[in-house]
Amino acid sequence: MTQTVITGSGLYTPPNSATNEELVAAFNKHVDLYNQKHAAEIEAGDLEALQYSSEAFIEKASGIKSRYFVDASGILDPERMIPNANEGTWVEDKTKMSQMIMAIEASEKAMEEAGLQPEDIDLIVFSSTIMQQHVPSMAITLQSILGTKGFAYDTQMACSSATFGLAQAESFIKSGMAKRALVVTAEYLSPLMNYKDRDSHFIFGDVGVATIVEREDLMKGNKGFRMVSSRLHTELSENITAYWSFVSRLTPEKIDDSYLYFKQEGRKVFKELLPMVIGLIGDHLEENDLAASDLKRMWLHQANINMNLFAAKKLLGRDPSFEEAPTVLEEYGNTGGAGCIIAFDKYHDDFKAGEKGILCSFGAGYSIGSVVVEYIKK
Ligand SMILES: CC(C)(COP(=O)(O)OP(=O)(O)OC[C@H]1O[C@@H](n2cnc3c(N)ncnc32)[C@H](O)[C@@H]1OP(=O)(O)O)[C@@H](O)C(=O)NCCC(=O)NCCS
């Protein structure tokens, strides 16, 4: 049977960032400006005063201390609260597109680790929460910039984008339609956020990740993570939404409505999604005659610290060590579909042949993607 192996990963970290302190200072200034502007309506009881955000709440509720942004200055401007565009002349030069910058650097690093040249790749799966450009696709544009062969296409699966992309690459390779795939998740999420929303202004950051999946018998390098088994699951929920669409321009008067941007019922997500995730991982491991304790590492979706630790603890039946379930939330925040790959990229060098791990993402949709891997060395 054809085997597939993850032989490289790459991470692009944007040059700008914002700490909780900086984000909360901007948000609270925005609150002051709003409450002053609407003082009469608030006084008359016709409007509710906005409430301050707090660094202590953010750290306790999410474990996030900082996050990276393509642009932080617009988000930290209390009069703006939207990222500034850093686009240059991207319509003429696609290498200047913010999302493409992330994709290119992450892809080059992944190819380097796998010891591949662009012409060795015959499939790009550009799998991200959002696409900066729809026609032509981001994937085909990246294909032409890098010089990869074969075919390339876009797919969107919110927080599970990277694991769904990996599973698609695995399927294409196993079916014989491709030999070596580049899976790219470039999460340019900040333009989709409502930085005036106290419940969610602190959650997300921008980042780019990429992985290489190769047919095992064609591997150019001598090591990697064999994809033992993949499992995907979806189930509709409106508890995480971002209804922004190209048809939004048809109703410009509604363009500032917060329902267009990221919105969530965080408590419901926590309560509904976690049992699904724990159940799916448990079943997936059992199908492969594995227990959580057989895994060296769980590279989990980086949603928030409480969710991550809860899932890992339920699966192991005890508190996980950092090595068993590493988190990158403190520095990167929630990075949508990229989170589990950031953790993988940073924490995989200590594996020995035969040791196993699981990549698992979960989030909006709802969607869950789970990939069991085994380290191999030839
Ligand atoms: C989002 C999440 C971190 C919020 O934590 P929480 O403990 O559930 O917080 P709540 O939204 O219930 O708010 C608790 C209180 O803090 C307040 N609060 C909310 N945001 C705040 C902020 N930025 N600063 C200060 N207080 C805040 C709320 O108003 C509420 O006050 P109340 O108790 O007086 O009503 C949490 O629900 C969660 O982890 N959800 C999982 C979903 C997730 O991470 N999704 C990401 C996409 S996968």
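This is a predicted model: local features need pLDDT of at least 70, side-chain atom pairs count only at pLDDT 80 or more; totals for chains, interfaces and linings use all residues.
Rings of Phe, Tyr and Trp (for Trp, the six-membered ring) count as a pair if their centres lie within 6.5 Å. By that rule, the structure holds 17 aromatic pairs.

**Phe69 and Tyr195**
- These two rings form an edge-to-face pair, with 5.9 Å from centre to centre and 90° between the planes.
- The pair links distant parts of the chain, as its partners are 126 residues apart.
- Phe69 belongs to strand β3 (residues 66-69), while Tyr195 sits in the loop between β6 (180-187) and β7 (207-215).
- Phe69 counts as buried because its relative accessibility is 0%.
- Tyr195 has 2% relative accessibility, so this residue counts as buried too.

**Phe151 and Phe172**
- Here the ring centres are 5.2 Å apart and the planes meet at 75°, so this pair is edge-to-face.
- Phe151 lies in strand β5 (residues 151-155) and Phe172 in helix α6 (residues 161-175).

**An aromatic cluster and a lysine**
- Five residues make up one aromatic cluster: Phe225, Trp299, Phe344, Phe351 and Tyr375.
- If you look at Phe351 in the structure, you will find Lys296 over the face of its ring, at 5.6 Å from the ring centre.

Note on methods
Residues are numbered from 1 along each chain as its sequence is written. Side-chain values use heavy atoms; hydrogens and water are left out. Rings of Phe, Tyr and Trp (its six-membered ring) pair if their centres lie within 6.5 Å; planes under 30 degrees apart count as stacked, over 60 as edge-to-face and the rest as tilted. Helices (H or I, at least four residues) and strands (E, at least two) are DSSP runs, numbered from the N terminus. Buried means under 20% relative accessible area, exposed over 50%, partly exposed in between (1.4 Å probe, protein chains only). A charge sits over a ring if NZ of Lys or CZ of Arg is within 6 Å of the ring centre and within 35 degrees of the ring normal.
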